[in-house]
Amino acid sequence: NGLLINANATVAQAESAFQVQINNYQMGARQFYANATAPSIPSPVAPLILSVGGLDNSVQLRPLAHRALRTHRALQPLAGYKQADLVGAYNMTPLHQAGILGNNQTVAVFELDGYQQSDIDQFFSQNNLAKPTITNTLVDGANGSAGAGAIEVELDIDVVGEIAPKATQIVYEGPNTTQGVNDTYNQIVTDNKAQITTISWGECESQSGAAELQTLDGIFKQGATQGISLFAASGDSGAYDCNDTNLAVDSPAGDPYITGVGGTNLQETNGAYGSESVWSDPTSTQRSAKGAGGGGGLSSTFDLPSWQVAPGVSNQYSNGKREVPDVSADADPKTGYAVYCTVSASGCPSTGNIVVGGTSAAAPLWAGSTALLNEYLQQQGKTRIGFANPTLYK
C-alpha cells in the first residue's frame, strides 16, 4: 500500500539521518539497543511521516496464552473445554445445526511464530472434527518453524477451527521485531483476503512506544475502513498490563479500530451455559506481581471514540480515554480450552493434550463466531459485520 518504507543502514548512518545517538543498554539479564532521544525528521518531509520505528530492538510482543497449572490436589487429568462445550455455552448450536459453519469466510490469524502441522492434524482427528483449510503466508523471511510461541499459534488455529470449521484460515507469520510486526499486520490489510483477523500477541502501551502505536493505528484504520473485523486479546494481567504495579492496557487491543477481547471464567451445566464472571486471580503471579486476569482499563494514548457510548461505559474512572475491553469470552486457565501441542520449545509435553487459557483463546473464539454471523447475515442478504465496535455499542 506504499505506507511503510523499510530501510537498512549502519548505526552511524541511522544516527546521522535522524540526529540521534543509539546506545547499548542492559536491564537485568536483557540486553538491547535503542536511540537515546526521539528521532528528528527534516521539516520538508515531516508532515508526510507518521512515525519512525526500528531504531531499537527493546520491544518484543508476548503471546497471551496461559497453560493451566495442575495443583497438588488434582488427581484427574486436566480436561479443557472442547467444541461441543464452547458451541453449546455460547449458543452457536442452532447455527451449526443449520449448516452455518463459516462457509465462504476467511479468517486471518496473526502470528509471530510457526506451528507444527502434525499437532493440528492430531487435534482435529482425535476430536472427530473436519480439518479446516489452512494456508500460510510468511512475511519478512519468517521460516514457519515452530518455536517458543508455537503453543499460541496452535491454540488460535484450533479454536477458530472448532467454532467455524468451514472458514478458510490464512496464518500470517512474521518475525517478532518492530518491522516484522508492522509488515505482518500490513500484509493482512493490503492482501485484503480475510474479512476477520484474530490477534493474540501484544505489549502494554507504554512499552510499545508512541511511534509504534501510531504506526499500528494507521494500519488498523485501513483494515477497519476495508470492512475487516479485527479482534485482539486484551492481555492476561488485569489492569496492570506492563506486569508491574502501574495501571496499563495492552496494545493493540487498546487501539480504537480494534475490538478488544477480555477474559471470563465460564461455568457450564450439563454442557450448556451456566454462569460467567470476570477472570481475576490475584494469586497467579508467575507473570505479574498483581496476578492474572482479563486485561482492561483506560488507554494512555487513544481518546474515547465517539461510538463508545453505552450503559456502563461512563463511570467514576472514565477520563476521556478509550476503554477496554469491548467484549469478553472464557479465558481463565481453570476453565480453559483443550489443545494438542507437542512442541518442546514451547513447553508442550510429548503426550500433546494440554489445557490453555488466556485472552488469546477468547480472541479466536470471537473471530470464529463472527465468521458464523457473517455467513448468516449474507444468507439474509445483509452485509457482513465489518468494523464491529460502532455496531456493538449501538
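Asparagine 182 counts as buried because its relative accessibility is 8%; buried means under 20% relative accessible area, exposed over 50%, and partly exposed in between (1.4 Å probe, protein chains only). The model is predicted: local features need pLDDT of at least 70 and side-chain atom pairs count only at pLDDT 80 or more, whereas totals for chains, interfaces and linings use all residues. Residues are numbered from 1 along each chain as its sequence is written, and side-chain values use heavy atoms, with hydrogens and water left out.

Asparagine 182 belongs to helix α6, residues 178-191. Helices (H or I, at least four residues) and strands (E, at least two) are DSSP runs, numbered from the N terminus. Leaving aside residues up to four places away in sequence, asparagine 182 touches Leu4, Glu212, Thr215, Leu216 and Ile219, where contact means heavy atoms within 4.5 Å.

A nonpolar core is a set of buried Ala, Val, Leu, Ile, Met, Phe, Trp, Tyr and Cys residues joined through side-chain atoms within 4.5 Å. The largest such core holds 49 residues, and Val107, Leu155, Ile163 and Leu365 have the most contacts inside it. Helix α5 (residues 150-163) contributes the most to this core, with 8 residues. Apart from it lies another core of 21 residues, including Ile199, Leu216, Ile228 and Leu230.

**Sheets and strand pairs**

Two strands pair if DSSP finds at least two bridges between them. Strand β20 (residues 353-357) is mostly covered, as 4 of its 5 residues are buried. Valine 356 in β20 is the bridge partner of arginine 67 and also of tyrosine 337.

Proline 63 has tryptophan 201 of β9 as its bridge partner.

Strands β12 and β13 form a hairpin with 2 residues between them, where asparagine 270 takes a positive phi near 55 degrees. Threonine 269 stands opposite alanine 272 in β13.

| Strand | Partner strand | Bridges |
|---|---|---|
| β3 | β9 (residues 201-204) | 2 bridges |
| β4 (residues 66-67) | β20 | 2 bridges |
| β19 (residues 337-340) | β20 | 4 bridges |
| β12 (residues 259-269) | β13 (residues 272-278) | 6 bridges |

**Salt bridges**

A salt bridge is a side-chain nitrogen of Lys or Arg within 4 Å of a carboxyl oxygen of Asp or Glu. The whole structure contains 7 salt bridges. One of them joins aspartate 241 to arginine 62, with the closest N and O atoms 3.1 Å apart. Aspartate 241 lies in the loop between β10 (229-233) and β11, and arginine 62 in strand β3, so this pair ties together parts 179 residues apart in sequence. Aspartate 241 and arginine 62 are both buried.

Arginine 62 also meets aspartate 250 in a salt bridge (3.5 Å, N to O). This second pair links strand β3, which holds arginine 62, to strand β11, which holds aspartate 250, across 188 residues. Aspartate 250 is buried, as is arginine 62.

Elsewhere, arginine 322 forms a salt bridge with aspartate 326, the closest N and O atoms being 2.7 Å apart. Arginine 322 is buried at 0% relative accessibility, and aspartate 326 is buried at 16%. Through shared partners, salt bridges join Arg62, Glu203, Asp241 and Asp250 into one network.

**Exposed positions**

Leucine 48, in the loop between β2 (30-35) and β3, is exposed, with a relative accessible area of 74%. Alanine 289, in the loop between β14 (280-281) and β15 (292-293), counts as exposed because its relative accessibility is 62%. Alanine 289 and serine 237 are 52 residues apart in sequence, and their C-alpha atoms are 8.9 Å apart in space.
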